[in-house]
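Hi,

Here is the structure I promised to pass on.

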Amino acid sequence: MELIDSKDSDKGASTVLRAVSLVRSFCVGSSDIEVLRGMSLEISRSERLFLCGASGAGKSTLLYTLAGLERPDSGSVEIDGQSLYSLSAAQQTKFRNEKIGYVFQNYFLLPDLTALENVSLPALIKGSEKTFLRAAELLEQVGLGDRLNHRPTELSGGEQQRVAIARSLINDPQILFADEPTGNLDSSTEGALMETLMDLVSEKQKTLIVVTHDSKLASLGDRQLTLADGRIIA
Ligand SMILES: Nc1ncnc2c1ncn2[C@@H]1O[C@H](COP(=O)(O)OP(=O)(O)O)[C@@H](O)[C@H]1O
Ligand SMILES: [Mg+2]
């Protein structure tokens with residue numbers, strides 16, 4: 001609910017995600033690697049944020065943690081004022097399903113389902129009759145209006161990722177997370193896909209958080225943060 005007049009709203013009112021002092025380490029063999037060493041960040045509504053950093057810098061770990069997919073050792077994540085990790089597992093799943101869209105580097109499409117069915121799946125759980133229509137509309141918007149009944153193996157990598165982007169938007173989430181969405185694509189496909197993604201989130205006024213190790217891509221966003229040594233350095 002937005003009751004605050006824009007001229008009265010302070011910075012906090014437009015914050016859609018707030019992460020405070022996130023710490024996460026992994027035990028490998030006999031040693032602990034501290035991947036997140038107390039990371040804090042705030043993201044505004046409709047902002048397009050790019051997270052950069054070398055391979056192994058902790059980008060995926062941070063994204064998973066922000067999206068409620070992996071609990072941190074300590075620290076908190078608030079989305080729309082709701083503290084994610086104080087919800088029960090079932091509440092967390094429901095909250096994620098309603099508020100969050102996620103695009104993985106490897107698409108994660110179900111091979112036996114068509115494009116239309118893959119996109120519809122996250123919403124079919126709720127049983128809406130309009131789901132297929134909405135899925136078809138989204139596939140149209142990502143440029144696959146003529147591929148509704150194709151299975152993933154009948155689509156190129158770029159097309160599969162377009163299906164994954166359409167799927168991530170089916171429940172009309174507030175925040176879209178994308179982890180190296182073009183990491184498996186050649187550079188011309190990459191450019192076209194990023195353009196589609198950026199246009200879609202701008203048009204639908206979504207908040208977008210994209211992980212990339214490509215600083216050229218990162219300049220497409222409103223803001224860019226770089227991770228190194230478990231911290232945000234820029
Ligand atoms: N489940 C895990 N178990 C052990 N180590 C992990 C696990 N997930 C990530 N790591 C380690 O954490 C570090 C950061 O990983 P990641 O977040 O995937 O980095 P990035 O996405 O920036 O490449 C790496 O050293 C990685 O090996
Ligand atoms: Mg990664």
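Strand S1 (15–28), strand S2 (31–44) and helix H1 (59–66) each give at least two residues to the shell around ligand 1. Keep in mind as you look that this is a predicted model. H1 has the largest share of that shell, with three residues. If you want to pick the whole set out on screen, the residues around ligand 1 are Phe 26, Val 28, Ile 33, Val 35, Gly 53, Ser 55, Gly 56, Ala 57, Gly 58, Lys 59, Ser 60 and Thr 61. By class, the shell around ligand 1 splits into six polar residues, five nonpolar and one charged.

Next, have a look at H3. Which residues of helix H3 (residues 115–124) are buried? They are Ala 115, Leu 116, Asn 118, Val 119 and Ser 120. Helix H4 (131–141) and H5 are among the elements that cover these buried residues of H3.

H5 also turns up in a helix pair. Helix H5 (residues 157–168) packs with helix H6 (residues 187–203) at an angle of about 15 degrees, and their axes are 10 Å apart. Angles under 35 degrees count as roughly parallel, so H5 and H6 are roughly parallel to each other. Their crossing is right-handed. On the H5 side, the contact is made by Gly 158, Gln 161, Arg 162 and Ile 165, and on the H6 side by Thr 189, Leu 193, Thr 196 and Leu 197. Sorted by class, this contact of H5 with H6 has four polar, three nonpolar and one charged residues.

Asp 172 is not a glycine, yet it has a positive phi of about 50 degrees. You will find Asp 172 in the loop between H5 and strand S7 (175–179). Is Asp 172 buried or exposed? A residue is exposed if 12 or fewer other C-beta atoms lie within 10 Å of its own, and Asp 172 has 12 C-beta neighbours inside 10 Å, so it counts as exposed.

The other one is Gln 205, also a residue other than glycine with a positive phi, here near 55 degrees. Gln 205 sits in the loop between H6 and strand S8 (207–211). Gln 205 counts as exposed because it has 9 C-beta neighbours inside 10 Å.

Happy browsing!

Terms used. Residues numbered from 1 in each chain as written. Chains lettered and ligands numbered in written order. Predicted model: local features only at pLDDT ≥ 70, side-chain atom pairs only at ≥ 80, totals over all residues. Axes fitted to C-alpha atoms, helices over the stretch in contact; angles between N-to-C directions. Helix = DSSP H or I, 4+ residues; strand = E, 2+ residues; numbered from the N terminus. Parallel < 35°, antiparallel > 145°, perpendicular 65-115°, else oblique. Left-handed = near helix turned anticlockwise from the far one by under 90°. Contact = placed C-beta atoms within 7 Å. Nonpolar A, V, L, I, M, F, W, Y, C, P; charged D, E, K, R; others polar. Near = placed C-beta within 6 Å. Buried ≥ 20, exposed ≤ 12 C-beta atoms within 10 Å, placed from the backbone.
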